[in-house]
Amino acid sequence: MLRYFLSRLAAAIPTLFLIVTATFFLMRAAPGGPFDQDQALPPEIYANLQRAYGLDRPVWQQYGRYLNNLLHGDFGPSFRYKDFTVTELIAQGFPVTLELGVIAMLLALCIGIPLGVFAALNHNGGLDHLTMVLAVSGIAVPSFVLLPFLGLVFGVHLHWLPVAGWEDGAARYLVLPVIALSLPPLAYIARLTRGSMLEVLAMDYIRTARAKGVPLRQLIMRHALKPALIPVASFLVPAVAAVMTGSLVVESIAGLPGIGRYLVQGALNRDYTLVLGMVILYSTLLIGMGLAVDLLYAWLDPRLRTA
Amino acid sequence: MESYSAAWRRFRENRAAVLACLIVAAVVLLALVGPLVNPNHGDALDWQAVAVAPTRLHAHWFGTDRLGRDLFVRTLEGTQVSLLVGLIATLMSLVFGISYGAVAGFAGGRTDNVMMRIIEIVSGLPLVFFVIVVGVLFGRGPVLLFVSIGAVSWLTTARIVRGQTLSIVRQPYIEAAIAAGAPPSRIIYRHVIPNLLGPVVVYATLSIPQIMLFESFLSFLGLGIQEPNASLGTLVSQGVGDMEAASWILLVPGSLLALLLVALNIFGDGLRDALDVKEA
């Protein structure tokens with residue numbers, strides 16, 4: 001297991017390198033540049049700008065310089081947000097995106113797992129059906145439909161919560177975005193937990209434990225829950241990816257000052273360094289999540305520890 | 001696979017799935033016929049009736065948008081586009097995924113290992129971000145939309161197909177075909193692929209709503225279907241802008257998209273339960 005984990009860790013670095021390289025050359029291959037505007041700049045100014053940002057050099061030299069800077073922890077200056085480095089831009093917005101994403105993920109896990117467990121215990125009962133209805137709607141309805149609908153009901157009509165805005169992170173501005181963002185993974189986690197819990201509850205060792213008279217609470221917590229969570233663990237990486245992509249639209253609808261806007265805006269503006277920085281950040285988060293899940297498997301499934 | 005009549009019976013007994021199937025059929029029919037029978041055109045601008053609420057004017061059943069376009073016709077045309085994109089992109093992911101998965105499962109051994117390892121690495125990448133960046137950089141035509149959605153969604157198909165192929169390859173009739181000297185390409189196309197169609201059809205039904213969701217997400221970001229055409233995602237994103245003053249511009253396409261996706265999901269689930277297919 002440790003060897004497997006280390007090999008995955010070692011594979012992460014070339015993977016990241018490939019992602020950076022692919023994105024770098026994709027951006028350069030696209031038509032247009034960061035200083036192209038509707039009204040063309042005077043040629044001297046344009047040439048000066050190109051020179052100042054090193055864009056007048058051959059692409060492979062720019063690539064080498066970028067990699068070199070990257071190794072020194074320097075993501076470079078943004079091409080469009082004048083006087084800002086990419087690191088500064090991301091450092092400003094990332095806490096907002098992170099807060100939103102972490103709360104949404106925690107909510108999805110803390111409600112989804114118990115919901116799935118209770119639904120499985122209540123198999124074919126009212127709670128079970130209710131959970132499945134919720135699960136299907138949560139999986140099917142996109143967050144960019146859900147959030148405006150919630151905004152219409154709770155913001156425009158009932159005036160309980162603000163439709164959009166931030167105001168230094170007051171909690172009530174986060175409620176609707178967090179709900180919209182967490183519902184799809186929550187629904188999926190509830191459904192996965194319910195399915196695997198039903199399978200585990202049908203196993204021989206559970207029947208034995210029941211026959212011995214182990215109380216239900218202990219049966220679930222000590223015997224059934226851990227193996228039933230293995231499918232949920234393998235869903236964590238796609239779930240984090242879904243929350244990240246969902247965050248792109250949720251932040252823009254709710255007007256939150258996160259980093260979501262930088263990906264699309266950055267690519268539109270040909271802000272090469274900003275887009276690269278975003279892609280590196282997202283990839284690192286996803287790959288890191290994948291590694292964490294590998295460790296989680298070992299905790300959930302003792303058979304994997306020796307393998 | 002056991003007889004289809006037993007599966008059909010199980011499906012009919014699942015009331016939610018039958019209802020969902022009827023809803024899907026009704027929405028498809030409405031999307032195809034509705035724009036034909038309504039006198040309004042989806043791209044005709046009615047300057048006498050800009051952003052009019054539903055039921056205010058009999059001429060526009062669901063009201064009009066900011067440019068005075070009829071929302072009933074526009075939403076149904078958007079539904080057509082969304083369904084069409086969902087179908088074509090699903091087909092693309094099936095063609096990719098079936099070929100790749102069948103070859104990997106049939107070849108087995110080291111080839112299989114390498115091919116599955118590639119899938120594992122690719123699925124670990126933030127593909128959606130790539131699709132967004134590529135979409136912004138290289139224009140936003142429908143072809144690029146199909147290719148990028150297909151590129152993201154073929155991975156799961158390939159995995160399922162490979163698992164099915166592994167179990168099919170162990171069957172005696174494959175051994176017989178090998179013994180009879182049939183070349184691998186013939187075995188794959190004549191014997192393996194026809195036998196894995198059942199699970200694949202189920203998976204395809206389940207992936208149509210996912211792909212439609214992804215398309216509407218891209219269209220919402222402005223990377224999908226472009227004006228004057230619109231998919232449901234495009235319409236929702238326009239509706240969000242006018243949400244507080246003219247909520248129907250959001251509610252009409254938003255509710256239809258939600259209804260369609262929920263119904264497609266329940267229908268696919270019912271089909272899977274009826275045919276008793278395990279997801280890989």
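Reply: Happy to! Two residues are in contact if their C-beta atoms, placed from the backbone, lie within 7 Å. This is a predicted model, in which local features need pLDDT of at least 70 and side-chain atom pairs count only at pLDDT 80 or more, while totals for chains, interfaces and linings use all residues. Residues are numbered from 1 along each chain as its sequence is written, and chains are lettered from A and ligands numbered from 1 in the order in which they are written.

Me: What share of the contacts in chain B with a separation of 6 or more is between residues 24 or more positions apart?
Reply: Start with the contacts in chain B whose partners have a separation of 6 or more. Those between residues 24 or more positions apart account for 69%.

Me: How many helices does chain B have?
Reply: Helices (H or I, at least four residues) and strands (E, at least two) are DSSP runs, numbered from the N terminus. Chain B has zero strands, and its number of helices is eleven.

Me: How are α4(B) and α6(B) oriented relative to each other?
Reply: Axes are lines fitted to C-alpha atoms, for helices over the stretch in contact, and angles run from 0 to 180 degrees between N-to-C directions. Helix α4 (residues 109–123) of chain B packs against helix α6 (residues 142–169) of chain B at about 150 degrees, with axes 10 Å apart. Angles under 35 degrees count as roughly parallel, over 145 as roughly antiparallel, 65 to 115 as roughly perpendicular and the rest as oblique. The angle therefore makes α4(B) and α6(B) roughly antiparallel.

Me: Which residues of α6(B) make the contact with α4(B)?
Reply: On the α4(B) side, the contact is made by Met116(B), Ile119(B), Val122(B) and Ser123(B). From α6(B) come Leu155(B), Ala158(B), Arg159(B) and Arg162(B).

Me: Is Leu32(B) buried, exposed or partly exposed?
Reply: A residue is buried if 20 or more other C-beta atoms lie within 10 Å of its own, exposed if 12 or fewer, and partly exposed in between, with C-beta atoms placed from the backbone. Leu32(B) belongs to helix α2 (residues 15–37) of chain B. Because Leu32(B) has 13 C-beta neighbours inside 10 Å, its class is partly exposed.

Me: How far apart are the C-alpha atoms of Leu32(B) and Leu76(B)?
Reply: Along the chain, Leu32(B) and Leu76(B) are 44 residues apart. Their C-alpha atoms are separated by 7.7 Å.

Me: How many residues of chain B are in contact with chain A?
Reply: Chain A brings 35 residues to this contact. From chain B, the number is 31.
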